Amino acid sequence: MPPFVPLTLFALVVAAIIAHVAVPSVRGWLWKPIAGLGAFMLVALWYLGLVWAPPEQFMSDVGRILYVHVPHVWMALLAFTLNVGCAVAYLMKKSFVTDALAESAAEVGVYFGAVGVTMGSIWARPTWGVWWDWDPRLISTTVMLLAYVGYLALRSFTEDPERRATWSAVAAILSYVSLPIVWFSVRWWNSLHQVQSSPSTVDKPMVQVLRWGAITLLCFLYVFIVKRYQIARSRQTAAMELPPLEAPRPEAA
Amino acid sequence: MKTLVAASVLFAGLALADLPAAEQKPEVVPEAAAPKHPQGIENAGAGVISGGWEYVYAAYTLGTLGVLGFATSLFFRRPKAQPERTS
C-alpha cells in the first residue's frame, strides 16, 4: 500500500462526514452500508488478528493485541484532529454546524482513546510485567484524554450556545497541543513504550492486519461521528427553541 | 622447594590442558512447567513471551464490546422525532 493511502482514506471519511452534514439526501442512507462494512470487517478482524497473522518474534501471541490497540489510538488522534479543524473553522466563521461536529469528534475521540489506553494496559501486563507505568507516552496520552474530557465538561458549564461554542473552540485548540506531545513523546524522552514502527520493519501480514483493523475502525469513526452529530444538532435546536430567561422583575417601590 | 611446587603445578596444568571438558547435560524443562510456544519452547529465544492468550482475548472482547456499547449509547440518545405542529 503506497504511503499516501491512509491519508487518502481519512480524507474520504472527512469528505463523507461533510457530505452527511451538507447533503440531506445522503444523511439517511450513507451510514448504513458503512456500518455494515465495519461490522463485517470487525468479525473478520477477529479471524485475521487471532488466527491468520503470525505470532510476533518476541511478544509471540501477545503481539496480536497491537492489531486492535494501535488502530484505536489512531482513531482517537484522527477524531481530535477533526475536532480542532472544526474549532478553527468555527472561530473563522461562526456556525453551529462546525460546533456540533467538533463536539461529536471530541466525544468519539475520547471513546476510542479510552479503549485504546485500556487495551495498551492489557498488553503491558504480560509484556512489561505491569498494568501501568509512569512513562512519558502513557502520561502524555492520559493528559490528552483528560484535556478532552475537560473540553466536554466545559460545554455543559454555560447555557448560552454561542458562548459555549466559542469557549470550547478555544479549549479544543489548547487541548490539541497535547497531540504532538503524545506522538513525539517516545522520541523526545527515554520511554518504555516503543517508537512508531514503519511497514519496512514489520512483517507484511502483520502490516496488512494492522491496516485492516484501522479501516474497520475508520468505518466506525465515521458512523459514530455522524450519529453523534445528529444528537448534538438536535440538542442545539432544542436549546434555540427555549424561551429566553425572564428578566428579573423590578421590585415595587 | 617453592620452585619445585610451582613447576609441578605448571606441569600438571599443562598435562590437564588438553583433556576434554566435562560434558554439560542439557537443561531439562519439566513437561508441566514448559510453557507452550508456537515454534516449540526449544526454539524460543531468550526474552520471548509465551502464552498470554487471555490478555489477547480480553483486548479483542473489550474492542468489540466497546463498539457495541458506544453504538447502543448513541441509539438511546438519538433525537426523538419532532411532533407535527398544528399551528
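**The interface between chain A and chain B**

In this predicted model, 37 residues of chain A and 28 residues of chain B take part in the contact between the two chains. The size of an interface is often expressed as the accessible area that is lost when the parts come together. Between chain B and chain A the buried area is about 2800 Å², and carbon and sulfur atoms account for 74% of this area. On the side of chain B, 26% of the area buried against chain A comes from Ile49(B), Tyr55(B) and Tyr60(B), more than from any other three residues.

One element of each chain may now be followed in detail. Helix α9 of chain A, residues 204-241, packs on helix α2 of chain B, residues 53-76, at an angle of about 20°, and the two axes lie 10 Å apart. Because angles under 35 degrees count as roughly parallel, α9(A) and α2(B) are described as roughly parallel to each other. Their crossing is left-handed. From α9(A), the residues that make this contact are Phe220(A), Phe224(A), Lys227(A), Arg228(A) and Ile231(A), while α2(B) contributes Val67(B), Phe70(B), Ala71(B) and Leu74(B). Classified by residue type, the contact of α9(A) with α2(B) comprises seven nonpolar and two charged residues, with no polar residues.

There remains the question of charge pairing across the interface. How many salt bridges are counted between chain B and chain A? The count is one salt bridge. A salt bridge joins the side chains of Glu107(A) and Arg77(B), with an N to O distance of 2.7 Å.

Key:
Residues numbered from 1 in each chain as written. Chains lettered and ligands numbered in written order. Predicted model: local features only at pLDDT ≥ 70, side-chain atom pairs only at ≥ 80, totals over all residues. Heavy atoms only, no water. Axes fitted to C-alpha atoms, helices over the stretch in contact; angles between N-to-C directions. Helix = DSSP H or I, 4+ residues; strand = E, 2+ residues; numbered from the N terminus. Parallel < 35°, antiparallel > 145°, perpendicular 65-115°, else oblique. Left-handed = near helix turned anticlockwise from the far one by under 90°. Contact = heavy atoms within 4.5 Å. Nonpolar A, V, L, I, M, F, W, Y, C, P; charged D, E, K, R; others polar. Buried area = accessible area lost by both parts, 1.4 Å probe. Salt bridge = Lys/Arg side-chain N within 4 Å of Asp/Glu carboxyl O.
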